[in-house]
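Thanks for making time this morning. I would like to walk you through one model, starting with its sheet and ending with a single residue.

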Amino acid sequence: MKRFLFISICAVVFCCAVSAQESTGRVHAVIINGGMNKLMNHERYWNDCAFLYRTLREDLHFSKQDITLLMSDGGEPGRDMLLADGSGFATSPADLDGDGERDVWLPATLEQVEASFTELAASLTSNDRLFLFMIDHGDFDNSMQLSYAWMWGGGRLYATHLAKLLDAFHVESMSLCLGLCHSGGFNDELRRENRVIATSCAESEESWACSDRPYDEFVFHWTCAVAGHDPEGNLVCADTDGDGYVSMAEAFDYASQHDLQEETPQYSSTPTSLGEFWSLQQKPKSGIYERRNENGMSPIRKYYDLQGREIPEPSVMEGKYIKKLNAKQYSGHSPIIIIKP
């Protein structure tokens with residue numbers, strides 16, 4: 001049986017046709033923990049990255065080849081991490097998922113970040129998508145009026161520099177989640193077509209740790225949302241439309257609603273609808289959808305199977321997969337139906 005999801009859009013379109021197919025390319029994830037130095041490289045940063053890495057590998061089934069890790073000193077044996085209990089320093093584990101294999105090989109120095117992004121930009125294609133997660137110390141340069149992230153060894157990754165590195169990619173779309181102080185200041189510099197950006201705080205604000213566990217507040221809840229559970233395995237439900245996938249918009253809504261610290265998470269999606277569909281989950285190739293308006297205001301819905309062949313209008317709907325339309329958003333002249341396997 002096929003599942004049917006109704007989605008409304010606000011724009012009224014006259015005498016036009018709309019068709020699309022969901023991305024079939026891979027998602028490549030980049031996880032960065034700059035850390036700055038061992039005095040500033042908090043244990044919670046490692047926890048944030050390890051939780052996300054386990055989510056990508058175990059819950060979302062990413063291959064190791066589709067994850068680039070850039071973390072503090074690159075997994076070297078030196079004591080590079082300040083323990084959460086304040087008892088001293090420890091060597092941050094290079095094995096993030098506990099499988100006995102080393103996962104971290106690259107340091108989060110400014111030079112290595114530049115080299116890794118350059119290499120990735122040359123290897124990813126227009127069918128691929130890029131996801132960037134960065135947890136770190138952030139600051140604001142008053143003389144330049146720019147936010148920046150501290151990299152390992154003291155290098156500064158300014159918002160304009162990161163924008164230049166990302167502009168070298170020719171991928172289908174990107175999603176960014178930045179959990180550092182003054183991260184909202186990255187938004188204006190990074191905003192581009194086909195990008196979704198979530199930051200833990202506004203440009204003028206600091207980003208905070210959780211008060212009850214060694215994680216960072218916003219990114220902890222964000223990762224819980226996309227994982228569907230917290231690190232202890234307690235279930236989390238951020239899939240508010242019931243389509244079986246947690247979109248970037250849903251992850252941001254969940255994280256910002258559960259963020260109890262003195263910070264104001266920021267969100268940007270260009271176009272605005274992109275974040276509602278962009279997901280880290282590897283979606284199966286969906287059917288083609290089309291909407292046509294003929295005779296002025298009379299909408300005609302057309303349905304297609306996975307091979308793009310037109311089929312009759314379905315008569316049976318599985319209720320649990322139907323998204324209830326918000327009356328304030330719904331326009332009777334712009335229904336879209338997506339057919340999913």
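How many bridges join β7 to β11, and do these strands run parallel or antiparallel? Seven bridges join them, and the two run parallel; strands here are DSSP E runs of at least two residues, helices are H or I runs of at least four, both numbered from the N terminus, and two strands pair if DSSP finds at least two bridges between them.

Before going on, please note that this is a predicted model, in which local features need pLDDT of at least 70 and side-chain atom pairs count only at pLDDT 80 or more, whereas totals for chains, interfaces and linings use all residues. Residues are numbered from 1 along each chain as its sequence is written, and side-chain values use heavy atoms, with hydrogens and water left out.

β7 and β11 belong to an open, mixed sheet of six strands, ordered β4-β3-β7-β11-β12-β13, whose edge strands, β4 and β13 (266-270), each pair on one side only. Within this sheet, F131 stands opposite S175 in β11.

Now to S173, which is found in β11, residues 173-179. With a relative accessible area of 4%, S173 is buried, meaning under 20% with a 1.4 Å probe and protein chains only. Leaving out residues up to four places away in sequence, S173 touches D128, R129, L130, N194, L274 and W278, where contact means heavy atoms within 4.5 Å. The side chains of S173 and W278 also make a polar contact at 2.7 Å, that is, a pair of N or O atoms within 3.5 Å, one able to donate a hydrogen and the other to accept it, with residues adjacent in sequence counting only if both atoms are side-chain atoms.

Definitions and conventions
Buried < 20%, exposed > 50% of the residue type's maximum accessible area, 1.4 Å probe, protein only.
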